[in-house]
Amino acid sequence: MATALGRGQCGGHITLFFTIEDSMKDPVEQGSRGVGLCLEDGVEAIAKGDAGVGEIVVRFQDGEYDTTMYDDVLEELMKEVPEIGSFDWELNIRMSLPASQGFGMSASGAIASAMSIQRAIGIPHEECLRRSFLIAHIVERKRSSGLGDTTALSSGGVERRNAAGSPFSGSLLDNGPGISEGWATETPLLLCWREKTGKHTSNYIDNSDWKLRISEAGSSAMEIIDSGEWNSDRWHEIIERSLVFASDSGLENDSSRGELIDSANKAIIESDLSGRVSALLCMLGESVVIVPTDSQSKGEWVSPLSKKLEDYGFSIFTSRVGPLI
């Protein structure tokens, strides 16, 4: 049996506001409604398969991370495509952004790795893509590591999730219960975080009090956002609803988020950028995304603000809104 090689890549995702909708028993039916930003940067996976019995070794190119998610991805893939179990797999993972900071790296990694393994054995592109989103959604829900990231990433761009659940399901991988739509832009984004790892997503979405507060605030935001055309005319509305959600949900004042926002806003003021950019919390990390108030911005503000944010002790990464899928 010849060695099988495949590559997968998927950008990250930032949730700005959301609901928690996990009452259904089937993880395919679980998820969230909300709004977020798909990122140009995320996770790249290279898969190498040799004759074997379905074992996997995962290597990270830029640090040490938990590998158990990739075990789960392979397990779910073998249920759908038994041929995959006739190989032993080596996965090489390159992550552009840190895990557990609200950048959707678990969803991105699950999608990219599922793509790479399927492509290695020659699964056609569209089938590979759809199954990768389904597998990633199932793994995310079983691990309580995410709700709507995979559905958001299935559309790309500036996304709005109007219905919870996986974007694809069933033996034909046709449309699932999850509905997401996006619009395209190349808006520059400045991602900021402190090196301390944030709380795991499950600390919020599996907690009854946080569920209630988050879902009430998210539902209020979606009552305003989920009607009307979804296009660049909604950019200012997205920023406004994100700020209100962070406050109403109580997430702004939990953990170190309040201090992060305060520091980011001070850096903005000191850079003479008030009114030109806004600092928004990334849900559910302990991180901030700086967005321009004009979605057509070319990013001339990024360099001076980056230097000021570093003075405040932030790690920073410059990205853009990712393309439509």
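**Pockets, sheet and local features**

Analyst: The largest pocket has a volume of about 610 Å³. The model is a predicted one, and the values below are computed from it.

User: What makes a residue part of the lining of the largest pocket, and how many residues line it?

Analyst: A lining residue must have an atom within 4 Å of a point of the pocket. The largest pocket has 32 lining residues, and Ser100, Met105, Ser106, Ser145 and Thr201 are those nearest its centre. Strand E1 (4-18), helix H1 (68-80) and helix H2 (105-120) each contribute at least two residues to this lining. The largest share comes from E1, with three residues.

User: Which classes of residue make up that lining?

Analyst: The lining of the largest pocket comprises 13 nonpolar, 14 polar and five charged residues. Ser counts as polar and Met as nonpolar under the classes used, so Ser100 and Met105, both among the residues nearest the centre, fall into separate classes.

User: What is known of the second largest pocket, and which element gives the largest share of its lining?

Analyst: The second largest pocket holds about 240 Å³ of space. Its lining has 17 residues, with Gln9, Cys10, Gly11, Pro323 and Ile325 nearest the centre. Two or more residues come from each of E1, strand E2 (34-51), H2 and helix H3 (125-143). E1 gives the largest share, four residues. By class, this lining has nine nonpolar, six polar and two charged residues.

User: Why are E10 and E12 called edge strands?

Analyst: Four strands form an open, antiparallel sheet in the order E10-E11-E9-E12. Strand E10 (277-281) and strand E12 (315-320) each pair on one side only, and they are the edge strands. From one strand to the next, the twist averages 25°.

User: Which helices lie against this sheet, and at what angles to E10?

Analyst: Helix H7 (residues 235-248) lies across E10 and E11 and runs at about 45° to E10. Helix H8 (residues 257-270) also touches E10 and E11, and its direction makes about 170° with that of E10.

User: Why is the pair of Phe18 and Phe245 called tilted?

Analyst: The structure holds nine aromatic pairs. For Phe18 and Phe245, the centres are 5.7 Å apart and the planes make 55°.

User: Where is the cis peptide bond, and what is its omega?

Analyst: The peptide bond from Met283 to Leu284 is cis, with omega near 10°. Leu284 is in the loop between E10 and E11.

User: What is noted about the phi of Ser100?

Analyst: Ser100 has a positive phi of about 60° although it is not a glycine. Ser100 is located in the loop between strand E4 (87-95) and H2.

Definitions and conventions
Residues numbered from 1 in each chain as written. Predicted model: local features only at pLDDT ≥ 70, side-chain atom pairs only at ≥ 80, totals over all residues. Heavy atoms only, no water. Pairing = 2+ DSSP bridges. Axes fitted to C-alpha atoms, helices over the stretch in contact; angles between N-to-C directions. Contact = heavy atoms within 4.5 Å. 1 Å grid on protein atoms, 1.4 Å probe; cavity = no way out; pocket = protein on both sides within 12 Å on 5 of 7 lines; lining within 4 Å. Points joined across faces, edges and corners; volume = space filled by probe spheres on them. Phe/Tyr/Trp six-rings, centres within 6.5 Å; stacked < 30°, edge-to-face > 60°.
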